[in-house]
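Subject: Handover of a structure, with notes on what was found

Dear colleague,

I am passing a structure on to you, and I would be grateful if you would look through it with the notes below beside you.

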Amino acid sequence: MPPRTTIINTAELHSPRLDPFVLLASELDYLRGNLLRLLGSAHPTLHQLAQHYFTNPSKQIRPLVVLLFSRATNGLGDGWEQKKWIAECERVSGRHEELNRPLTRPGVLNDCNPNMSDDTASFQSLFSLQTPQIPPELPPLPLSYKTDHTPILANPPIILPAQIRLAQLMEMIHVASSLHDQVANDTNSPSDGTGNKLAILGGDFLLGRASTALSRLGDDEVVELVATVIANIVEGAVWKAGNVGTRVVSALSSPAQGWNRYLNRIYLGSASLLAKAGRAAVILGGSKEGEIWKEIAYMYGLHIAFANQLMKDVDAYEDDADSFKAGPTGPLLYAWEDHSFLKPIIERQLSEDGDVEHVRHAVHTSSGIERTRTLALTHAEKAREVLRFLPDSDTKDALRELTIRVVDQTR
Amino acid sequence: MRGCYTLCSRFGRVPSIQNCRRRLSLAPLSNHSSTLSQPDPFALVASELSRIRTDLVHLLGSAHPGLDEIASYYFLRPSKQLRPLIILLFSQATNGLGRDWPLKKWASEQARPGGRAENLDEPLSRADVLNDWNPNLKEKTSFYDPLLSLSLPQTPTKLPQPPLSAFDSSERTLISPAFVLPTQMRLAQIVEMVHAASLLHDDVIDESPLRRGSLSAPEAFGNKFAVLGGNFILGRASAALARLGDPEVTQLIASVIANLVEGEILQMQDVESPDGQAVPSSQVAKNAWTLYLQKTYMKTASLMAKGARSAVVLGGCADGEVYKEIAYAYGRNIGIAFQLVDDVLDYEAVEDTLGKPGGADLQLGLATGPALYAWEEHPEMGPLIERKFSQAGDVELARSLVKKSAGVERTRALAVAYATQAREVLQSLPEGEARAALEALTDRVIKRKS
């Protein structure tokens with residue numbers, strides 16, 4: 001087996017290595033506990049989901065990236081003072097955490113609009129016109145806050161409650177997508193009614209809560225970003241499935257087209273979420289239009305997601321797993337570039353006897369696996385490149401460490 | 001019967017459901033309307049409604065042909081479009097009345113977020129960040145580009161600032177001729193999208209073979225892709241919502257997305273029948289009814305109520321003004337009326353007129369109005385409801401008990417009560433064609449056969 005090449009800037013070899021999961025351990029524990037409680041409180045039927053989430057804990061990479069980028073950039077954006085002020089006002093007014101409120105018990109209706117309270121008594125009669133309310137206004141930013149802003153990292157590092165909520169809701173969206181991914185497509189299979197229903201309702205429940213929480217972050221740009229993540233995830237799943245419905249996806253005609261589709265699939269299925277989550281976190285910290293901070297977050301998330309997925313696709317070939325159904329991945333695409341005889345096999349989606357063995361053999365005797373690994377490592381290096389635009393901090397070290405972890409094959 | 005409702009003003013005592021249920025006669029609603037022929041609410045906004053459908057499908061385009069197909073599937077068949085109708089009518093019935101109407105009117109003519117119709121598709125983040133490629137919107141969306149690298153963002157363009165006249169505080173009057181803002185049109189589409197997404201999921205959960213007279217989406221595409229199609233529509237709807245630029249509206253509609261699923265979960269809640277084979281005690285009956293009406297609000301009325309409220313907010317109704325309360329109360333009451341009639345039709349109608357199989361509720365184990373009323377007359381219904389009609393013969397027995405009882409008639413009467421209440425709250429709005437159409441709608445909801 002060829003030696004593994006590593007691509008690390010030699011100057012960084014001696015930078016401190018800081019475990020991001022340790023740095024943010026208490027926040028991650030808090031988030032995990034919240035999600036478990038939320039799933040557990042929903043309905044006895046959904047308890048099973050809590051069980052499942054408990055026994056199959058997620059690595060929480062998505063919330064981690066949100067929290068890390070918050071910590072690494074809070075203070076730099078032009079709008080930081082305002083965001084900090086708003087968070088302080090909310091804290092003082094005792095705003096309660098809508099996101100984690102357990103599902104309604106029969107006694108209290110769970111209507112998620114702050115201007116309209118509702119309880120079961122209101123269903124004892126026809127609904128009558130309510131007195132209009134004027135919600136309290138936030139006090140304005142005090143004049144003592146600086147008007148011209150110099151980008152300095154908040155010290156000690158802070159994470160805003162809004163950013164923690166964002167981390168939570170990104171994880172909820174991820175868990176919801178995983179649940180929906182498990183729904184059995186075949187309507188004629190022996191009725192696994194409970195299985196499907198649970199997965200659908202559980203996912204919907206999480207998506208519903210996430211949408212509500214998202215809207216309450218009060219930032220349209222962030223809402224739009226996360227909304228496109230939801231749409232992207234579906235597109236990724238559909239591209240992975242190939243043909244759905246009556247209209248047929250055109251067959252691949254060249255390695256270049258294969259690469260386009262493959263990279264697009266990775267973007268839609270995993271990179272979009274990670275990139276936009278980091279970007280949204282930085283926006284919530286007050287980064288304004290024209291500043292670079294959110295661009296850094298976006299590119300970082302993009303590159304580590306690609307690094308991670310490419311490495312997973314390498315593992316899939318090395319484990320001899322049957323991973324061809326979704327379409328050719330890196331190793332096969334590289335092999336195809338060298339061996340045009342693979343074209344008809346790929347076109348017919350490896351459907352004939354002997355195809356799978358042919359392909360496996362071609363990949364293992366070509367440089368496909370090694371080149372894919374190199375590509376993964378290149379992406380990890382690109383993530384480190386964009387990090388250099390951030391001011392130094394221990395969070396930045398942790399972010400750098402994460403770029404090494406996502407391609408670490410001993411994980 | 002009139003005395004039951006008309007004097008119940010917004011601060012007066014409203015009779016309890018229990019009392020109403022016993023005192024109601026079966027006289028039809030239209031007895032107390034004037035003898036003028038009622039306007040056709042759909043006709044008043046017919047051209048807007050048809051534009052809504054065609055433009056809506058435009059928003060759902062995807063590069064993947066299968067997803068493109070699923071997303072537009074339910075929109076290609078005729079639908080009642082009740083929710084967009086309510087939004088359009090409420091817009092017409094209240095535009096001009098809100099404090100901030102001049103500001104909203106000014107904004108609708110600007111090239112800015114929440115402005116002109118064509119600006120409502122402008123992304124708030126750069127297209128090459130969003131990558132929500134839509135082949136129908138080639139200039140405003142983009143496809144992931146592997147060559148994308150870190151770029152210094154452009155300096156932001158300054159948004160046009162409103163002139164002083166946009167803050168005009170003179171007396172507010174209803175706009176005439178009736179006018180709908182581009183944002184309100186877009187809201188109508190968003191609401192329809194949220195509704196369609198919930199139908200996609202419901203049809204999978206309920207294992208429905210038919211919808212609107214054709215194969216349901218799960219039958220046509222499979223369970224998983226019907227679910228994913230719903231999520232895709234929700235994602236696109238939420239992005240469109242953000243582009244309206246109104247945080248209050250974003251929160252309202254987002255909360256509906258949560259309401260829909262939480263209503264579904266409420267529906268799974270067990271109805272307790274601790275009295276065994278007795279007629280339900282008033283507390284047990286109250287609990288069962290509360291659960292049923294809560295579920296009905298969450299699953300059906302919430303979207304109409306908050307949609308109507310959102311329309312009025314987009315028209316410039318400020319906090320403290322009554323117009324959005326009127327909209328909410330109307331939507332809530334008419335929504336419940338609508339669902340009650342739906343539940344009655346499930347017992348009465350035949351497949352042809354409904355477009356979906358009748359008798360579905362019992363098969364799904366659901367105890368709706370007619371069953372709950374029947375329980376009060378026939379104690380043996382209790383255990384059936386408690387075990388969700390799961391034993392062999394339960395469904396048939398329940399159906400015959402409902403038929404023997406006054407369950408259907410009483411549910412219809414309750415629907416009439418809610419519809420009348422919806423009509424009542426409208427009285428606080430200035431008279432006009434749109435208000436008359438909203439009144440006529442309360443009648444239609446009751447009289448429909450499908």
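Contact, as the word is used throughout this message, means heavy atoms within 4.5 Å. On that basis, residues 24 or more positions apart account for 80% of the contacts in chain A with a separation of 6 or more, and for 77% of the corresponding contacts in chain B.

Before going further, please note that this is a predicted model, in which local features need pLDDT of at least 70 and side-chain atom pairs count only at pLDDT 80 or more, while totals for chains, interfaces and linings use all residues. Residues are numbered from 1 along each chain as its sequence is written, chains are lettered from A and ligands numbered from 1 in the order in which they are written, and side-chain values use heavy atoms, with hydrogens and water left out.

Confidence

The model scores ipTM 0.90 and pTM 0.89. Chain B has an average pLDDT (the predictor's confidence in each residue, from 0 to 100) of 86, and 89% of its residues score at least 70. Within chain B, confidence is lowest in helix α1 (residues 17-23), with a mean of 39, and highest in helix α5 (residues 82-94), at 97.

Helices (H or I, at least four residues) and strands (E, at least two) are DSSP runs, numbered from the N terminus. Chain A has 15 helices and 0 strands, whereas chain B has 20 helices and 2 strands. Of the 411 residues of chain A, 55% are buried, where buried means under 20% relative accessible area, exposed over 50% and partly exposed in between, with a 1.4 Å probe and protein chains only; in chain B, buried residues make up 62% of the 450.

The interface

In the model, 94 residues of chain A are in contact with 101 residues of chain B. Together the chains bury about 8600 Å², 66% of it on carbon and sulfur atoms, buried area being the accessible area (1.4 Å probe) that two parts lose on being put together, summed over both. On the side of chain A, F123(A), L126(A) and L129(A) lose the most area to chain B, together 10% of what that side buries.

The rule finds 4 salt bridges across this interface, a salt bridge being a side-chain nitrogen of Lys or Arg within 4 Å of a carboxyl oxygen of Asp or Glu. One of the salt bridges joins D181(A) to K224(B), with the closest N and O atoms 3.2 Å apart. Helix α8(A) gives 16 residues, the largest share of the side of chain A that touches chain B.

Two residues of chain A

S58(A) lies in the loop between α3 (47-55) and α4 (61-73) of chain A, and S58(A) is buried, with a relative accessible area of 18%. Leaving aside neighbours within four places in sequence, S58(A) is in contact with R32(A), Y53(A) and E171(A).

D338(A), by comparison, is placed in helix α11 (residues 330-338) of chain A and counts as partly exposed because its relative accessibility is 44%. Beyond four places in sequence, D338(A) is in contact with S367(A) and R371(A), and the C-alpha atoms of D338(A) and G368(A), 30 residues apart along the chain, are separated by 9.2 Å.

With best wishes
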